[in-house]
Amino acid sequence: RVFLRFQKELGVNLDADRYIAELSIRKLSEIYETWSVFIVANAAMTILRKAGYQIISSNGFFTVRDDLFQFEVDRTAAVELVKGDRKIIIRYEPLYEPAVRVVEGLVSKGQRQRTPDLSIELKELNQTRSVLIFDAKYRTEKVGDEVTFLDEDLNKMREYRDTIALKIKNDPRLRPIVRSAYILYPGDVLEHDSAYPDIGALPLQPKMEKEQSAKVSVALSHILKQIL
């Protein structure tokens, strides 16, 4: 469906056989990551626009190379939305470098860089105020009749929350900045506390049951409400 949609909108004749062949040899985990990023980014933009934000720029969320539609996202992909003095930036695979290498801005504590799959950053008067993190995890395990996430993947979300920080020029302190860090995974179990949505897991699958899809949508609304 994605292929046919972009073929129509771009007005070009793409080679479907080559596209299907290339798609078939890619890792399923990579395809899931790209799909889940599209789903969350699109849902977030819908919620933000209803809250009064307007899109001012959108770049890199699909590419066409050599007449072959690439079902992937550029690492520089970003969407910017504004509302008054507030700006929200949705980034694909943002790179947070170690604080020792950066004068100011969003950084990573310690010596390791951090690269989650998707971030949503709130700026007010050009100063970063909050960051939401989403990271696709394809691994699952079955517990009873349900497919759930791995505890070690949830711990990775805690690591993102605790190590991504804001560095202000000439200030030795690194300030906590991540409000939420959530797994995106192809399972059944929703891990979400509406009162404290700091760490959790959103189950995302194609053709989800309406009830489950509604619960995930509500959870995403709770997460985004922190920056609205």
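This is a predicted model: local features need pLDDT of at least 70, side-chain atom pairs count only at pLDDT 80 or more; totals for chains, interfaces and linings use all residues.

Trainee: How far apart are the closest N and O atoms of R101 and E97?

Mentor: They are 3.9 Å apart. The cut-off for a salt bridge is 4 Å between a side-chain nitrogen of Lys or Arg and a carboxyl oxygen of Asp or Glu, so this pair counts.

Trainee: What is the N to O distance in the salt bridge of R161 and D162?

Mentor: The closest N and O atoms there are 2.9 Å apart. R161 is partly exposed, with a relative accessible area of 24%, and D162 is also partly exposed, at 41%.

Trainee: Where do K215 and E211 lie?

Mentor: Both are in helix α5, four residues apart, which is about one turn of the helix. E211 counts as exposed at 57% relative accessibility, while K215 is partly exposed at 43%.

Trainee: Which residues do salt bridges with shared partners join into one network?

Mentor: R112, R114 and E159 are joined in that way. In total, the structure holds 14 salt bridges.

Trainee: Now the strands. What holds the strands of a sheet together?

Mentor: Strands of a sheet pair through backbone hydrogen bonds, and the pairing is either parallel or antiparallel. Take strand β7, residues 118-124. Strand β5, residues 86-92, pairs with β7 in the antiparallel sense over seven bridges. Within that pairing, K87 has K123 of β7 as its bridge partner.

Trainee: How many residues lie between the strands in the hairpin of β7 and β8?

Mentor: There are two residues between the strands, and in this hairpin L125 takes a positive phi near 55°.

Trainee: In what sense do β8 and β13 run?

Mentor: They run parallel, joined by six bridges. V131, which stands opposite E121, has V178 of β13 as a bridge partner.

Trainee: How many residues of β7 and of β8 are buried?

Mentor: Five of the seven residues of β7 are buried, so β7 is largely enclosed by the rest of the structure. β8 is mostly covered, with eight of its 10 residues buried.

Trainee: What tends to happen to nonpolar side chains?

Mentor: In soluble globular proteins, they tend to be buried together. Here the largest nonpolar core has 31 residues, of which I90, I120, F134, L202 and L224 touch the most other members. At least two residues of this core come from each of α3, β4, β5, β7, β8, β13 and α5. The largest share, eight residues, comes from α3.

Trainee: Which residues does I90 touch?

Mentor: Leaving out residues up to four places away in sequence, the contacts of I90 include A41, A44, M45 and L48, as well as L81, L118 and I120. There is also a second, separate core of 18 residues, with L106, I133, A181 and A201 among them.

Trainee: In what order do the three strands of the open sheet lie?

Mentor: The order is β6-β11-β12, with antiparallel pairing. β6 (105-108) and β12 (174-176) are the edge strands, each pairing on one side only. From one strand to the next, the twist averages 45°. Three bridges join β11, residues 164-167, to β12, and A165 stands opposite P176 in β12. Helix α4, residues 151-163, packs on this sheet and touches β6 and β11, its direction making about 10° with that of β11.

Notes. Residues are numbered from 1 along each chain as its sequence is written. Side-chain values use heavy atoms; hydrogens and water are left out. Buried means under 20% relative accessible area, exposed over 50%, partly exposed in between (1.4 Å probe, protein chains only). Two strands pair if DSSP finds at least two bridges between them. Axes are lines fitted to C-alpha atoms, for helices over the stretch in contact, and angles run from 0 to 180 degrees between N-to-C directions. Contact means heavy atoms within 4.5 Å. A nonpolar core is a set of buried Ala, Val, Leu, Ile, Met, Phe, Trp, Tyr and Cys residues joined through side-chain atoms within 4.5 Å.
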